[in-house]
Amino acid sequence: MSFFDPTPCRSPRMLYLGARLFSRSCSSQAHQQQQRKPGLQKTFFKSDARDGVVHRLCGEKKFKEAIDVMCDQKRLRDAVRLLGQIERPSALVYSTLLQACLKQRDLGAGKMVHAHMGRAGFLPGLVISNRLIDMYTKCDSLADARKTFDEMLSRDLCSWNTMISGYAKAGRLPDARRLFDEMPERDNFSWTAMMSGYVRHDMPGEAIKLFRMMQMLEIPMSNKFTFSSALSAAAAIPCLHKGKEIHGHILRLGLESDEVVWSALSDMYGKCGSLEEARHIFDRMQNRDVVTWTAMIDRYFGDGRMEKGFLLFSELMYSKIRPNEFTFAGVLNACADHAAEEVGKQVHGYMMRSGFDPFSFAASALVHMYSKCGNMESAERVFRGMPHPDLVSWTSLIVGFAQNGLPREALKYFNMLLESGIRPDHVTFVGVLSACTHAGLVDKGLEYFHSITEQHGLTCTPDHYACIVDLLARSGRFKEAEEIISTMPMKPDRFLWASLLGGCRIHGNMELAKRASEELFQIEPENPATYITMANMYATAGMWDEVTKIRKIMEDRGVVKKPGLSWTQIGRKQHVFLVGDTSHPKSNGIHVFLTEVSKRMKEEGYVPDTNFVLHDVEEEQKVQNLAFHSEKLAVAFGILSTSPGTPIKVYKNLRTCGDCHTAIKFISKIMKRKIIVRDSNRFHCFENGICSCGDYW
């Protein structure tokens with residue numbers, strides 16, 4: 001999101017017309033001097049109800065005052081045209097007009113003023129020349145700025161600094177550095193402009209070199225902005241050692257009390273991974289604004305310290321500082337990433353009480369949070385309450401419906417998006433293709449895939465190819481999947497090969513699975529998922545020698561299987577379970593419950609799928625191993641800890657295994673509970689023995 005709204009430069013035709021007006025005014029100047037009357041001014045600017053004061057001032061030859069009035073009225077072009085009425089415009093008149101051109105970012109008007117100087121025989125001095133350079137650089141006309149700079153008979157520090165700063169901000173760092181090295185003298189602004197340019201354009205190492213050069217040359221560094229740029233460079237690398245070194249200089253110079261420096265220090269420590277130091281700096285700051293609070297909260301979330309982030313947000317809500325949309329969006333995104341719906345609801349409530357702007361992007365973050373937490377009713381309610389939903393909101397809702405096993409709703413909202421006139425982007429189509437995958441709508445998915453380029457003028461990304469290969473592979477259409485892979489314009493990535501491997505696992509296509517796994521072993525040899533999938537396929541086929549080989553390869557490469565974790569939240573406490581977990585205080589009750597419900601499940605027709613047990617052991621032992629998978633333990637605990645009829649929500653860090661998926665369907669029917677399981681791939685909503693995925697997952 002940009003905080004600036006630069007006015008676009010005027011067209012060459014406008015400049016041409018402006019030049020014609022000046023030519024006309026110059027040719028008739030003598031005649032106008034003889035017959036100067038207030039009424040004649042109407043030939044130089046459009047008639048306006050406010051012209052009375054301007055006409056009077058012009059009649060009294062108070063042109064500077066008339067220009068001031070017109071600039072205040074934001075009638076810049078009319079003010080510029082008035083130059084034609086002034087016999088010899090003063091430097092003050094030109095300066096006033098240039099300042100107005102700069103303020104309104106009107107390059108065309110600025111060029112007209114500059115051109116008039118030449119025709120009037122006015123030789124701009126140092127101040128006017130500097131103002132011209134400033135106007136040109138800030139209107140993104142560096143060529144005109146440099147021409148003016150080169151034509152100056154004498155230059156001061158302001159001239160050099162303005163030109164260097166313009167180049168640095170535009171990313172023309174070699175040009176900026178060339179001028180910097182040519183400077184006869186430099187001040188703190190010169191060094192800071194160059195350093196901040198390097199930081200802004202991903203060259204923090206060069207900024208640090210400049211800072212060290214300042215130290216070697218023993219240049220006084222009392223400027224807080226110079227230190228802030230140096231700290232930003234250390235944060236961007238990131239290098240805690242260099243950051244601490246700069247911190248030492250700040251302490252020696254007594255700048256530690258400055259709020260700008262404090263903020264830069266906190267940011268540096270946070271980005272360099274030293275959150276304790278960042279928090280120490282944060283706590284010592286006297287005047288913390290909402291930006292400072294938001295940055296510290298986001299640092300905790302970025303480092304995975306969710307509880308501390310939420311606690312600090314709570315402190316902010318009880319302080320005199322009001323959170324802004326960036327604060328809300330950061331907290332809500334953290335809630336979405338960690339399925340912390342209860343906290344998200346509290347944030348939503350606070351937003352409602354404080355009268356948040358429904359037009360802000362925080363509303364989009366609310367839709368995203370509820371979607372990621374599986375609460376599509378609330379997500380849809382927030383979405384419908386938005387006056388003008390943006391593309392992010394539409395996409396969050398579409399992806400949310402797709403992941404929550406409601407593909408028809410996802411496609412319905414996609415059609416509504418098209419009808420609204422908003423153009424979908426690449427991410428939107430990932431949601432649409434995912435919806436088709438989850439619903440098994442193969443032909444519809446292919447239709448949407450081809451429409452990305454043919455109807456919407458977008459380029460298919462690797463994510464789109466991965467989605468369509470996933471769709472085809474899941475449905476067993478491997479020949480078409482291979483054709484798409486062979487004709488795609490870019491090299492297949494890990495997501496595509498993993499999608500193909502997943503389809504091979506479903507349909508037992510061992511030959512193609514080997515090809516996909518070999519590609520994945522090359523791309524990401526450290527990822528245990530590929531090894532586990534292949535081991536599962538070999539185990540299902542009874543190829544135990546191959547399972548042993550896979551385990552040996554994992555051992556040799558130091559690849560460790562990520563442990564499966566499932567968790568559920570009861571009240572404000574989160575309860576985490578591992579497979580076969582007996583550490584929970586209610587472990588005995590959980591195991592007794594699962595044993596009893598297993599008997600009822602078998603009476604209903606449940607048969608344990610022992611293909612999901614890798615060990616080459618007796619069948620009875622395989623059944624025993626399946627009985628206490630982490631998601632089953634979490635579901636059992638949720639049922640035991642809540643009143644009858646209460647929906648259960650369980651989250652898992654890995655993909656739910658097929659046997660657990662079948663078992664939870666039976667449990668939902670027997671216990672008459674709605675059970676929602678969010679795994680690493682999607683949501684499964686189990687109710688009355690049926691899953692929202694339709695067993696197509």
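Trainee: Among contacts between residues at least 6 apart in sequence, what share joins residues at least 24 apart?

Mentor: In this predicted model, 62% of those contacts join residues at least 24 apart in sequence.

Trainee: And how many helices and strands does the protein have?

Mentor: There are 37 helices and 6 strands. Of the 697 residues in the protein, 49% are buried.

Trainee: Could we look at one residue? Where does tyrosine 136 lie?

Mentor: Tyrosine 136 belongs to helix H8, which covers residues 126-138.

Trainee: Is tyrosine 136 buried or exposed?

Mentor: Tyrosine 136 is buried, because its relative accessible area is 3%, and the cut-off for buried is under 20%.

Trainee: What does tyrosine 136 touch, not counting residues up to four places away in sequence?

Mentor: Its contacts are Leu107, Lys111, His114, Ser141, Leu142, Asp144, Ala145 and Thr148. With histidine 114, the side chain of tyrosine 136 makes a polar contact of 2.8 Å.

Trainee: How far is tyrosine 136 from cysteine 101, in sequence and in space?

Mentor: The two are 35 residues apart in sequence, and their C-alpha atoms are 9.7 Å apart in space.

Trainee: Where is the place of asparagine 688?

Mentor: It sits in the loop between strand S5 (683-687) and strand S6 (690-691). Asparagine 688 is exposed, with a relative accessible area of 55%.

Trainee: What about peptide bonds: which residues does a cis peptide bond join?

Mentor: A cis peptide bond joins isoleucine 237 and proline 238, with omega at about -15°. Most peptide bonds are trans. Proline 238 is located in the loop between helix H14 (224-236) and helix H15 (240-253).

Trainee: New topic: how many salt bridges does the count come to?

Mentor: The count comes to 38 salt bridges. Side chains of opposite charge can pair when their charged atoms come close. One of the salt bridges joins aspartate 267 and lysine 271, at 3.3 Å from N to O.

Trainee: How are aspartate 267 and lysine 271 placed in the helix?

Mentor: They are 4 residues apart in helix H16 (residues 259-271), so about one helical turn separates them. Aspartate 267 is partly exposed, at 22% relative accessibility.

Trainee: Which residue forms a salt bridge with glutamate 276?

Mentor: Arginine 305 does, with the closest N and O atoms 3.0 Å apart. Glutamate 276 is in helix H17 (residues 275-284), whereas arginine 305 is in the loop between helix H18 (290-302) and helix H19 (306-318), so the pair ties together parts that are 29 residues apart in sequence. Arginine 305 counts as partly exposed, at 24% relative accessibility.

Trainee: Which residues are linked in a network of salt bridges?

Mentor: Arg279, Asp283, Arg288 and Glu315 are linked in such a network.

Trainee: And what does lysine 62 pair with?

Mentor: Lysine 62 forms a salt bridge with glutamate 60, and their closest N and O atoms are 3.5 Å apart. Lysine 62 is partly exposed at 39% relative accessibility, and glutamate 60 is partly exposed at 38%.

Trainee: Let us turn to serine 517. Where is it found?

Mentor: Serine 517 is found in helix H31, residues 510-523. This residue is buried, with a relative accessible area of 2%. A polar atom of the serine 517 side chain lies 2.9 Å from the backbone oxygen of lysine 514. Leaving aside neighbours within four places in sequence, serine 517 is in contact with Thr530 and Met534.

Trainee: Finally, how many cavities of 30 Å³ or more are there?

Mentor: The count comes to 1 cavity of 30 Å³ or more, and the largest cavity holds about 30 Å³ of space.

Trainee: Which residues line the largest cavity?

Mentor: The lining consists of Phe577, Asp581, His584, Ser587, Ile590, His591 and Leu633. By class, 3 are nonpolar, 3 polar and 1 charged. Helix H34 (residues 587-604) gives the most to this lining, with 3 residues.

Methods
Residues are numbered from 1 along each chain as its sequence is written. This is a predicted model: local features need pLDDT of at least 70, side-chain atom pairs count only at pLDDT 80 or more; totals for chains, interfaces and linings use all residues. Side-chain values use heavy atoms; hydrogens and water are left out. A salt bridge is a side-chain nitrogen of Lys or Arg within 4 Å of a carboxyl oxygen of Asp or Glu. Buried means under 20% relative accessible area, exposed over 50%, partly exposed in between (1.4 Å probe, protein chains only). Helices (H or I, at least four residues) and strands (E, at least two) are DSSP runs, numbered from the N terminus. A polar contact is a pair of N or O atoms within 3.5 Å; within protein, one must be able to donate a hydrogen and the other to accept it, and residues adjacent in sequence count only if both atoms are side-chain atoms. Contact means heavy atoms within 4.5 Å. On a 1 Å grid over the protein atoms alone, a cavity is a set of points where a 1.4 Å probe fits but cannot get out, and a pocket is an open set with protein on both sides within 12 Å along at least five of seven lines; lining residues have an atom within 4 Å of a point. Grid points are joined across faces, edges and corners, and a volume is the space filled by probe spheres set on the points. Ala, Val, Leu, Ile, Met, Phe, Trp, Tyr, Cys and Pro count as nonpolar, Asp, Glu, Lys and Arg as charged, and the others, Gly among them, as polar.
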